[in-house]
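Let's take a walk through this structure together, starting with some charged pairs and then moving on to the strands. Keep the view open while you read.

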Amino acid sequence: MIRIKAGPRRPRPRPRARRPLRRALALGLPTMWGAIAITYKLTCPLAQQTGLGARIVTSAVFFAVGTGLIVQVRRSLLRELRQIRQIAGAAQNALLRPLPPRLDGLNIAAAQLSAERGAVVGGDLYEVIATEHGVRVVMGDVRGHGIAAIGTVAAVLGSFREAAHDEPDLEGVLRRLDRALARHLRERARAEHPASGAPDPDSPVAEEFVTVLLLEIGADGELRALNCGHPWPYLLSGGGVRSVSRADPLPPLGPFPLPTELPFVRCGQLLPGEALFLYTDGAEDARDGRGGFFPLADVLAEVTAQHPPPVPQSILGAVFTALLRHTGGTPTDDVAMLVLRNDRRPAPTPSGARPATTHPQPTNYPQHNGV
């Protein structure tokens, strides 16, 4: 979050004044090393001799010159690499911005691990926004991983950040995301095939898709969801770990049109002290050296039992540690995890009993166009 303070601006030194000096040094030092080598070869009598001692001295001089050139080039490349990483990190943090630790009575913790080395953001996305309609959450996974998926992540997240406030129901939010993704893929296809004037059906862009889970947490903790091909989250409570729903999800966004009707799924209530664990399939699909899948549900049950009530930061740390130990290093797919714990004050109930968490919910979504 960027904070702007009011008041007169203080003069700041201009960094551009140092750029000519750095460029001069970057060019001058290699030139100096080269001039030393040429001068020694042309003017030094020792360089003209053919004896063993003279050859050893000449070789040492040129070795020192070559080493100096390599060191100078290496320093320049490392300096540029640091600048590029700083710029890339700032851009990626602006895209997948850090979530606030608390939002509308919810304790939040999130983490993301990119499968591409050096990348902070990959093909996974998440966002939590407090709106007048409730706290709205999106968790998604773009086909593929790494830098190639960042454009699609930006299109989906940008649309969600606007639609979450504008749309009164989750159906409208999901349709906005679908239109934004379709528009992004069309523009990307035209950019990759400008001569054709139309998207190529055989292009890899035509096979792009995004799994999306939309959640809405009401003021009373009621959970509503729309799921397009994404894993259902887990509910962590004193009673253990369970999936919030068993309803069949819709197909992922991208290859198929959305059905005419989009009934949201009621997932019970998130009571005070309980937590939701959202994740991308890179967590469950992570394998060890023998091909075994990561036992995410078992790890969550163990962590929840050892540290009641569930603490979002502790849960993330324990699960990521177990995941990296299971895979022996960086997973082969992007992994994102998001934990939300309800820290709101419990509403008084006449009998003190837990409100019902089971609601009638569809086991299948309406079919449309054969989907």
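Start with Arg175 and Glu171, whose side chains meet in a salt bridge at 3.3 Å, N to O. A salt bridge here is a side-chain nitrogen of Lys or Arg within 4 Å of a carboxyl oxygen of Asp or Glu. Both residues sit in helix H5, four residues apart, so about one helical turn separates them. (Helices are DSSP runs of H or I with at least four residues, strands are runs of E with at least two, and both are numbered from the N terminus.) Arg175 is partly exposed at 21% relative accessibility, and Glu171 is partly exposed too, at 29%. On that scale, buried means under 20% relative accessible area, exposed means over 50%, and partly exposed is in between, using a 1.4 Å probe and protein chains only.

Before going on, a word about where this comes from: the model is predicted, local features need pLDDT of at least 70, side-chain atom pairs count only at pLDDT 80 or more, and totals for chains, interfaces and linings use all residues. Residues are numbered from 1 along each chain as its sequence is written, and side-chain values use heavy atoms, with hydrogens and water left out.

Now look at Arg176, which has a salt bridge to Asp166 at 3.5 Å, N to O. Arg176 lies in helix H5 (residues 170-192) and Asp166 in helix H4 (residues 150-166), so this pair ties together parts that are 10 residues apart in sequence. Arg176 also meets Glu167 in a salt bridge, this time at 2.9 Å. How covered are these residues? Arg176 is partly exposed, with a relative accessible area of 21%, and Asp166 is partly exposed at 46%, while Glu167 counts as buried at 18%.

In total, the rule gives 14 salt bridges.

On to the strands. E6 covers residues 222-228, and six of its seven residues are buried. What does E6 pair with? One partner is E5 (residues 210-217), which runs antiparallel to E6 over six bridges; strands count as paired if DSSP finds at least two bridges between them. Along this pairing, Ile217 stands opposite Leu223. Four residues lie between the two strands of this hairpin, where Gly221 takes a positive phi near 85°.

E6 is also joined to E9 (residues 265-269), by three bridges and again in the antiparallel sense.
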